[in-house]
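Please read the points below alongside the model.

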Amino acid sequence: MNESGDADVLILGGGVIGLACAHYLLAEGRSVRILDQGRVGGGASWGNCGTLTPSHAPPLAAPGMVGQALRWMLSPSAPLYIKPRWDPALMRWLMRVAGRCNAADWRQSGVAKGALLNLSRALTEDLVYGQGLDCGFEASGFHYVFRSARALEKQQRDLGLLAELGIPARVLDGAALAADEPALKPGMAGAIHFPGDAQVRPDRYTAELARIVREAGGVIEEGVLVGGLERGRNGIEAVQTSEGRRSGGKVLLAMGAWSPRFGQMLGLDIPVQPGKGYSITYDRPAVVPRRPLVLKERSVCVTAWDDGFRLGSTMEFSGYDDRLNETRLAALERGAAEYLASPPGGARRETWCGWRPMSVDDLPLLGRSPKHSNLWLATGHGMMGMGMAAGTGRLVADLMLGRSPPIDPAPYAPSRFPGRGA
């Protein structure tokens with residue numbers, strides 16, 4: 001790699017997806033340079049709950065979700081909130097999502113989502129132990145916790161698809177749950193336990209990926225803004241940045257929720273919307289759950305590490321508004337208090353919000369852009385960036401090298417959106 005910034009692959013975006021792609025490309029002998037507008041891992045990779053969850057294969061656009069969303073969407077404290085404003089692109093995106101709330105599309109997306117999550121779960125564990133990543137990895141499983149017996153019964157409708165995908169699950173009644181998880185209040189209806197799920201501490205995981213990328217010869221530049229493009233016969237020849245010209249034989253767009261804005265520079269319509277999520281991190285209380293939890297009726301995720309405790313989730317569509325909404329943060333704490341025997345009451349260590357790149361069909365866009373021969377996409381992972389990163393890196397590296405990936409790449413191809421320009 002020379003001083004002008006040349007590399008085999010120029011990766012735009014230094015979150016968990018860009019880092020994972022860089023790792024697998026370097027392992028195949030390709031040179032990489034990562035450009036990030038902020039700090040590596042400082043976007044959506046920073047404040048999430050760090051769960052690795054094949055259990056989350058069923059897509060969000062499920063039959064009946066439209067009615068539920070309509071009941072939620074105008075309440076500022078509901079799990080889903082849409083800020084009232086004129087946003088034609090968001091309206092078009094929501095209509096397309098609503099059109100997928102049927103059994104056939106739900107199943108199609110779920111099968112593809114599960115395949116990538118399963119692959120990535122296995123590869124992540126290989127990475128952790130094979131590369132010696134110090135990232136708080138724990139394969140302790142995951143609980144969906146329910147206060148309502150009716151909600152628990154309804155959730156079990158997903159278990160057939162999960163079983164078909166090889167994702168094991170076990171239903172716990174209230175007594176079994178109380179014996180297994182003393183951090184919960186008495187009287188819970190039960191839980192669904194997913195023994196194959198795991199967790200990492202997300203900031204450490206991305207920091208460790210950055211470490212092994214640098215050790216393998218990859219270059220990571222932080223605080224670099226992309227301001228323009230140079231086009232040639234082979235597509236994108238170089239990008240103009242705040243630090244000068246950077247070029248690559250191939251360009252990989254891995255900018256998460258910012259990918260559509262970059263796409264506009266190329267005349268690409270990337271069908272991804274920024275879905276704002278929130279989290280609150282506290283000092284570790286005396287009693288914490290033994291494993292990650294989703295408090296299902298309130299859609300609150302709970303994770304704990306050796307030195308911390310985090311509540312996260314919610315989905316807000318408010319464009320790129322980066323302000324912290326205290327109403328949304330308070331909803332996390334209020335929801336947790338309904339389930340946890342010792343709800344967080346200590347000093348907040350950090351309040352955070354970030355944008356998830358939400359695609360229309362709940363699947364990422366992975367592969368070559370149909371309109372630019374040397375532009376590749378790795379974006380649109382929604383709420384599953386941590387859980388899909390390793391699988392994405394393997395799949396993208398194989399496609400760039402002209403090899404067959406371990407899973408069928410067709411469901412994730414950008415070309416699946418005909419007429420959208422991706």
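1. By class, nine nonpolar, three polar and six charged residues line the second largest pocket (Ala, Val, Leu, Ile, Met, Phe, Trp, Tyr, Cys and Pro count as nonpolar, Asp, Glu, Lys and Arg as charged, the others, Gly among them, as polar). The model is predicted: local features need pLDDT of at least 70 and side-chain atom pairs pLDDT 80 or more, while totals for chains, interfaces and linings use all residues. Numbering runs from 1 along each chain as its sequence is written, and side-chain values use heavy atoms, without hydrogens and water.

2. Of the 18 lining residues, Ala89, Pro260, Gln264, Val272 and Gln273 lie nearest the centre of this pocket. Helix H3 (88-98), helix H9 (259-265) and strand S13 (272-282) each give two or more residues to the lining (helices, H or I of at least four residues, and strands, E of at least two, are DSSP runs numbered from the N terminus).

3. Helix H1 (residues 16-27) and helix H11 (residues 385-400) have axes that come within 8 Å and cross at roughly 40° (axes are lines fitted to C-alpha atoms over the stretch in contact, with angles from 0 to 180 degrees between N-to-C directions). H1 and H11 are therefore oblique to each other (under 35 degrees is roughly parallel, over 145 roughly antiparallel, 65 to 115 roughly perpendicular, the rest oblique).

4. The axes of helix H4 (residues 103-130) and H11 come within 6 Å, crossing at roughly 90°. That makes H4 roughly perpendicular to H11. The contact (heavy atoms within 4.5 Å) includes Lys113 and Leu116 of H4 and Gly387 and Met388 of H11.

Methods: On a 1 Å grid over the protein atoms alone, a cavity is a set of points where a 1.4 Å probe fits but cannot get out, and a pocket is an open set with protein on both sides within 12 Å along at least five of seven lines; lining residues have an atom within 4 Å of a point.
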